[in-house]
Amino acid sequence: MDVSSMTQSAVDIARVLSRFAGVPVWVAAGECDIVDSPYGEERQLVARAVPGRRAEFFSGRYYARQLLRQLGRADTVILRGEKGDPLWPEGILGSISHDLGQIVVAVMEEVSYSGLGIDLVVDPARIEPSLQALIATPADLEILGRHCPGYASLALAFSFKEAVVKAISPLIDCYLDFMDIELGWDNGQIFAYIAQFKCYFRCDFVALTQGLLTFALMDKR
């Protein structure tokens, strides 16, 4: 699905992701151009960061609060977990992804799923073949090449696994290596599997005019 702008992307992504999840998902997208936060706790978290990183952080929280208002939630500080994951209000799943000055945020109510992860790749060509050994097995790439023809398999593998990491990170007490995540295909759908936790993730992606966005959903455990 091709879209002409990040603003329009948010509408299209929300539609696709809601249909995929079977429940409403709210999405916002735009540029990383927010340079401050109304919350001192958030400012403190990135006080030593470079300006670009602060803009990414503040923009993610800005768009997240916009979406939470649509769910009837009051504005609130969104802090950061030990592994860098946003700490969402109780009953909410969410994910933030940014790349090359663009940002996408998705939130949903925690009803049918334990985890939600999204990942934006604006320029798939930046995922260089020399990185394959750190990202994907030949089996991963063969599956994506066969079932997602016309798209860069290594960039898709990278992005799918990044989305999976975001979905499960709030629930585990360790860091994951991409090679711990196995990609597969079943019943017309991409999935990811992490053997050490014996958990599966339903995965899909949206092709954008500027790159692609992947998403991963983890069923209730």
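Which residues does cysteine 174 touch, not counting residues up to four places away in sequence? The contacts are Lys83, Gln196 and Phe197, where contact means heavy atoms within 4.5 Å. The model is predicted: local features need pLDDT of at least 70, side-chain atom pairs count only at pLDDT 80 or more, and totals for chains, interfaces and linings use all residues. Residues are numbered from 1 along each chain as its sequence is written, and side-chain values use heavy atoms, with hydrogens and water left out.

Cysteine 174 lies in the loop between α6 and β5 (181-186). Helices (H or I, at least four residues) and strands (E, at least two) are DSSP runs, numbered from the N terminus. The relative accessibility of cysteine 174 is 24%, so the residue counts as partly exposed. Aspartate 75 is 99 residues from cysteine 174 in sequence. In space, the two are 30 Å apart, C-alpha to C-alpha.

The loop between α3 and β2 holds proline 86. This proline counts as buried, because its relative accessibility is 17%. Proline 86 touches Arg61, Ile78, Leu79 and Ile96, again not counting residues up to four places away in sequence. Proline 170 is 84 residues from proline 86 along the chain, and their C-alpha atoms are separated by 8.6 Å.

Aromatic pairs were searched for next. A pair of aromatic rings is described by the distance of the centres and the angle of the planes. Rings of Phe, Tyr and Trp (its six-membered ring) pair if their centres lie within 6.5 Å; planes under 30 degrees apart count as stacked, over 60 as edge-to-face and the rest as tilted. The whole structure contains 8 aromatic pairs. Tyrosine 151 and phenylalanine 205 form an edge-to-face pair, because their ring centres are 4.9 Å apart and their planes stand at 80°. This pair links distant parts of the chain, 54 residues apart. Tyrosine 151 sits in the loop between α5 (138-147) and α6 (153-168), whereas phenylalanine 205 belongs to strand β7 (residues 199-208). Tyrosine 151 is partly exposed at 37% relative accessible area. Phenylalanine 205 is buried at 15% relative accessibility. A tilted pair joins tyrosine 193 and tyrosine 200, with 4.4 Å centre to centre and 35° between the planes. Tyrosine 193 is buried at 18%, and tyrosine 200 is exposed at 51%. Tyr151, Phe160 and Phe205 make up one aromatic cluster.

A charge also sits over a ring. Arginine 202 lies over the face of phenylalanine 20, 4.3 Å from the ring centre. The criterion is NZ of Lys or CZ of Arg within 6 Å of the ring centre and within 35 degrees of the ring normal.

An open sheet is formed by 3 strands in the order β1-β3-β2, with antiparallel pairing. Two strands pair if DSSP finds at least two bridges between them. β1 (26-31) and β2 (92-99) stand at the edges with a single partner strand each, so one side of each has no neighbour in the sheet. On average, neighbouring strands are turned by 10° against each other, direction ignored. β2 and strand β3 (residues 102-109) run antiparallel and are joined by 8 bridges. Histidine 98 stands opposite isoleucine 103 in β3.

β5 and strand β6 (residues 189-194) are likewise antiparallel, joined by 6 bridges. Aspartate 186 faces glutamine 189 in β6. The hairpin of β5 and β6 has 2 residues between the strands, and asparagine 187 takes a positive phi near 55° there.

Helix α3 (residues 51-70) lies across β1, β2 and β3, at about 35° to β3. Axes are lines fitted to C-alpha atoms, for helices over the stretch in contact, and angles run from 0 to 180 degrees between N-to-C directions. The 20 residues of α3 reach 29 Å from first C-alpha to last, close to the expected 28 Å. The expected span is 1.5 Å times one less than the number of residues. Buried residues of α3 include Phe57, Phe58, Tyr63 and Leu67. Their cover includes β1, α2 (40-45), β2 and β3. Just after α3, glycine 72 has a positive phi of about 80°.

In α6, 13 of the 16 residues are buried, so this helix is largely enclosed by the rest of the structure. The end C-alpha atoms of α6 are 23 Å apart, which agrees with the 22 Å that its 16 residues should span.

Methods. Buried < 20%, exposed > 50% of the residue type's maximum accessible area, 1.4 Å probe, protein only.
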